[in-house]
Amino acid sequence: MTGAELHFEVQQFYARQMQCLDSGDAVGFADTFADDAVFVHVPGEVVRGRARIAAEIARNVERVQQAKAVRRHWFGMLVFEAESDDLIRTRYAAITSSTSMDGTASLGASSLVEDVLVRRDGRLWTTSRTVHSDGAPR
Amino acid sequence: MTGAELHFEVQQFYARQMQCLDSGDAVGFADTFADDAVFVHVPGEVVRGRARIAAEIARNVERVQQAKAVRRHWFGMLVFEAESDDLIRTRYAAITSSTSMDGTASLGASSLVEDVLVRRDGRLWTTSRTVHSDGAPR
Amino acid sequence: MTGAELHFEVQQFYARQMQCLDSGDAVGFADTFADDAVFVHVPGEVVRGRARIAAEIARNVERVQQAKAVRRHWFGMLVFEAESDDLIRTRYAAITSSTSMDGTASLGASSLVEDVLVRRDGRLWTTSRTVHSDGAPR
């Protein structure tokens, strides 16, 4: 694959993954992670395996829904390093917006995210995600 | 065309379409819609045809200008489904920022947008756009 | 190169350039500008040459760090015009988010940016950047 084709595939992968999350589909989101994936979004707390990721995200989605807001994730400045068509490292900025039913919107903390994506059985999976929040003491 | 080439073309189409809108060019914006296009941005209110879309958007642009702010649209997480090079469905998140002359900026409500794009006479046109605002009661 | 391949290269160029800036690496940021580049981010004030750009950005980065916030730049609606593989003009919207250590985030003024990129010695460089802030009186 050319770099542009692989980049396109990765962009589509993220668009689908994050539309799952933002529509509240924790299982659909977790299904884009490899069975043995590692997910770190709180420093020092490693969530290991697709089932635990699904459970963690389900709690997260529930909190958003209780706030009666729609949260959306935005990615930007995605640096893309393909070791091969089957192993890709990415590093990107992420931020969330949260829109209330009265139409007002606010931002969540930005973060820098590092992912490892792998191709297995002909499709991409997130095998590792580390979220470095900008809102934590440095 | 490869998926990457078509995706690139669609991204350029949106960049030009939305730079028209954000610079206040309602006619230029409407000219990216097919003659018989359908535009829904208020639930249940169908705006049909390029001329009516231009009129609707002109009112919208006027409101923004009266507020003495610059509004910009941001798209993200664009899922892209090409039935052929000539018929493409997209689904993406959108949000607006509004910057006042004193340099302060705020967000508008986010939304999920569904488009149908078609190729006619060698270029792309929006033939259908449905905006689902996250700021409306659910 | 196809348009999609060149567009991919430009996206990667910007992702690396702006991750430098947002991590506070003024020298790394300036190193993506040509030796003789022109940078205008205040109307009428032309910053000329890589060394001066680095100095200007270093002051800017210091202000952000003193505010104990993490600033991130977001680009959108990038219109891309390649005169050749070696000379590309872009026009895009930009906005910054600023996240404090308590996790609250706010937006800076949006802007419209016009760049000229050139290829020299096998890689891209910004040879001209003009930032039109939406937060200035019009």
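Trainee: How much area do chain C and chain A bury between them?
Mentor: This is a predicted model, where local features need pLDDT of at least 70 and side-chain atom pairs count only at pLDDT 80 or more, while totals for chains, interfaces and linings use all residues. Side-chain values use heavy atoms, without hydrogens and water; residues are numbered from 1 along each chain as its sequence is written, and chains are lettered from A and ligands numbered from 1 in the order in which they are written. Buried area is the accessible area (1.4 Å probe) that two parts lose on being put together, summed over both. For chain C and chain A, 61% of it is on carbon and sulfur atoms, and the amount is about 2000 Å².

Trainee: Which residue of chain A meets Arg72(C) in a salt bridge?
Mentor: The count between chain C and chain A is 2 salt bridges, each a side-chain nitrogen of Lys or Arg within 4 Å of a carboxyl oxygen of Asp or Glu. For Arg72(C) the N to O distance is 2.6 Å, and the partner is Asp134(A).

Trainee: Which element gives the most to the side of chain C that touches chain A?
Mentor: Helix H1 (3-22), strand S3 (69-84), strand S4 (87-100) and strand S5 (105-107) of chain C each supply at least two residues. Helices (H or I, at least four residues) and strands (E, at least two) are DSSP runs, numbered from the N terminus. With 10 residues, the most comes from H1(C).

Trainee: Is Met77(A) buried or exposed?
Mentor: Met77(A) lies in strand S3 of chain A, and its phi is positive, about 50°, although it is not a glycine. Buried means under 20% relative accessible area, exposed over 50%, and partly exposed in between (1.4 Å probe, protein chains only). The relative accessible area of Met77(A) is 12%, so Met77(A) is buried.

Trainee: What about Asp121(B), buried or exposed?
Mentor: Asp121(B) also has a positive phi of about 50° and is not a glycine. Its place is the loop between S6 and strand S7 (123-133) of chain B. Because the relative accessible area is 77%, Asp121(B) is exposed.

Trainee: Which side chain makes a polar contact with the side chain of Arg71(B)?
Mentor: Arg71(B) sits in strand S3 of chain B. Arg71(B) is buried yet has no salt bridge, and the nearest side chain of opposite charge, Asp22(B), is 4.6 Å away (Lys and Arg count as positive and Asp and Glu as negative; His and the chain ends are not counted). A polar contact is a pair of N or O atoms within 3.5 Å; within protein, one must be able to donate a hydrogen and the other to accept it, and residues adjacent in sequence count only if both atoms are side-chain atoms. At 2.8 Å, the partner of Arg71(B) is Asn60(B).

Trainee: Which side chain does a polar contact join to His132(A)?
Mentor: His132(A) is in strand S7 of chain A and is partly exposed, with a relative accessible area of 35%. Leaving aside neighbours within four places in sequence, His132(A) is in contact with Ser111(A), Leu112(A) and Glu114(A). The polar contact is 2.9 Å, and the side chain joined to His132(A) is that of Glu114(A).

Definitions and conventions. Contact = heavy atoms within 4.5 Å.
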